[in-house]
Structure formats: structure tokens, C-alpha cells
Amino acid sequence: MSTILQIIGGFLILVGSIFLFLGALGIYRMPDVYNRLQAGTKATTLGAMSLILGVGFLSPSWMMKALILIIFIAFSNPLSSHALARAMHIRGRFPKIYSNNAEEYDAYRKVEMSEKKEEVKS
Amino acid sequence: MQELSFANKLSRFITSWFFLMLVWIAFTSTYATQELLTGAFVSGIIAMFSVPFFTCCDLSLFHPVKIAYMIWFLIVFIKALILSNFDVAKRVISPALPINPGIVEFKTQLKTNFGKMVLANSITLTPGTLTIDVIDDVFYIHWIDVQTTHPEEAFTHIAESFEKILLKIF
């Protein structure tokens, strides 16, 4: 029984580290901050979740703590990436756009600055 | 903030208490009586003070139909999370870097703040999309491979599968 758990745990940790590596590669290769956040958020979320779940399988007494950690990661990781992306846009770093029609491909640019800032206060 | 009736407050209190107690049991990982009693006491105090702030949920959350939809949402979400990781992996590994980024907008029908937050987080973790901002009911989404800039078509591409489940819950 414990051998099976160890195999599952080791496999999950391997998968997690592969996804974390791909996330790091994505952060290196992508052209601008938004695409880097895309690669970073998704890969690190599943990578960290899978890694922590693997640790939970390897030592079953930590399983419940691992599940709590997974829930916290699932909530906090997207929130932090959203905050970073929004801050970058308000600071005026617009996303890189390959299409010619830059205005149409950036819907957030037409939102007035006052409206964006107002959301911060409320 | 609107005044709450006593029944409303009690229902929120019980909900927060229940979730705090779950976290406590998960962290201590024992069922010893004194641990449970301490947990119930501490959770009770925290839930009491947090009634005005935890506005997301009350006892109606435990309706069986809603719980069934929550489990269904979890399945859809985990599937989307795994798919999105393979999507990102594919884009990162391929030498040509096949991306066509842009920001699109669409409207949601969700009313509660908590529902919007769950939808925004789910969108961030699904293939190729990242929530940048939510102003009232308009979502601004950074899309790594823009297929349409039309708000309604973008909505069917990105959010429809999540929203129709979330509308049942919140």
C-alpha cells in the first residue's frame, strides 16, 4: 500500500516540477509582461498544486494540510496575477499587439483613467 | 452596508463557523475532544467578529442542488486547469511562439461580488486568458490568442461554460 502511495506521490512531484519548469521557460520566452503572467500563473498554479499533493501522498499525515494549501494557492495565485496585470496597465505599459488594429485589440485602453482609479478607492 | 436581520447574521455566523472549523480540523488532523472544543471556541470568536465582513455566503450555500452544482463546477474547472497547462506548455515549447495577444471585454450576468471573483479567478486559470480588471459587470480579459474582439462572441469563447454553472450557485 505504501509503495503505491510513494509511486503516486513521486509521479505527482515529477509532473509538478515539469510544469514549474515550463512556467519558468515561459517567463523567459514570452515577449511582454501580460504573456509572462499568463505562462507564470497557469503553470505555477498546477505545478505547485501537483507538487504539494505529491508531498501529501508521500507522507499521508500531511494530506489535509496539503489540501488546505492547495485551496489557498488556487485562490491567491490568480488574484496576485490580476493585481500585477492591472497595475501594469494603469502605469501605461500596454500589451504588445501583433495586429495592425491596436485600438480594437486593447479594449481596456479606452476605459477612462478616473474610472480605473475609482475602483481602487471603493 | 445594509443592516442585517438577526436571522441573516446567524446564518452567516454558522457558515463562517463551519468553514473555519473545517480548516481547523484539517490543520490539526485529529479528532481528540479537547482539540475539537478549542477549535469550536476559537472559530466561534473569529466568526462572531467577522460577520460584517464575510459577506459572500450564508446558509443557503448548503442547499443540495447548489452543492451538486459546486461539485460539477469543480470538475469543469479542474479539466480547464489541466487543459490550460498543456496549452501553455505547447505554446512555450514550440519554437515559433504562436501567440496573438490582445485585450477583449465582455459583460457578465453575475450580480454578487463573490460570484464575480470566482468567475474572474476561473478565467485566469483557463486556457490562454488572464483577467485584468472587473468594472461593475464588464470583464477585461487579456487573451493570448485573440480569435474575436466582439464582446458576445468573446463571452461564448471564454466564460459561458463557467457562468451558467455559477449563475445557479450565486
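Tutor: The expected span of a helix is 1.5 Å times one less than its number of residues. The model under discussion is predicted, and this rule can be applied to helix α1 of chain A, which covers residues 2–29. Because its 28 residues should span 40 Å at 1.5 Å a residue, the separation of 40 Å between its end C-alpha atoms agrees with the expectation.

The buried residues of α1(A) are A:Gly9, A:Leu12, A:Gly16, A:Phe19, A:Leu22, A:Gly23 and A:Gly26. Their packing partners come from both chains: α2 (33–58) of chain A, together with α3 of chain B. An α-helix has 3.6 residues a turn, so residues three or four places apart point the same way.

Helix α3 of chain A, residues 63–90, can be examined in the same manner. With 28 residues, α3(A) should span 40 Å, and its end C-alpha atoms are 41 Å apart, which agrees. Buried residues of α3(A) include A:Ala66, A:Ile68, A:Ile70, A:Ile73, A:Asn77, A:Pro78, A:Arg86 and A:His89. A:Leu84 also lies in this helix, but it counts as partly exposed because its relative accessibility is 49%. The C-alpha atom of A:Leu84 is separated by 9.0 Å from that of A:Val33, although the two residues are 51 apart along the chain. Just after α3(A), A:Gly92 takes a positive phi of about 95°.

Chain B brings in the aromatic rings. A search of the whole structure finds 5 aromatic pairs over all chains. One of them joins B:Phe73 and B:Phe77, which are stacked, with 6.3 Å from centre to centre and 10° between the planes. These two residues are separated by about one helical turn because they stand 4 residues apart in helix α3 (residues 64–93) of chain B. Both B:Phe73 and B:Phe77 are buried.

Another stacked pair consists of B:Phe106 and B:Phe139, at 5.6 Å centre to centre and with 5° between the planes. This pair links distant parts of the chain: B:Phe106 belongs to strand β1 (residues 102–107) and B:Phe139 to strand β3 (residues 138–143), 33 residues apart. B:Phe106 and B:Phe139 are both buried. Finally, ring pairs link B:Phe73 and B:Phe77 with B:Phe162 into a cluster.

Key:
Residues numbered from 1 in each chain as written. Chains lettered and ligands numbered in written order. Predicted model: local features only at pLDDT ≥ 70, side-chain atom pairs only at ≥ 80, totals over all residues. Heavy atoms only, no water. Phe/Tyr/Trp six-rings, centres within 6.5 Å; stacked < 30°, edge-to-face > 60°. Buried < 20%, exposed > 50% of the residue type's maximum accessible area, 1.4 Å probe, protein only. Contact = heavy atoms within 4.5 Å.
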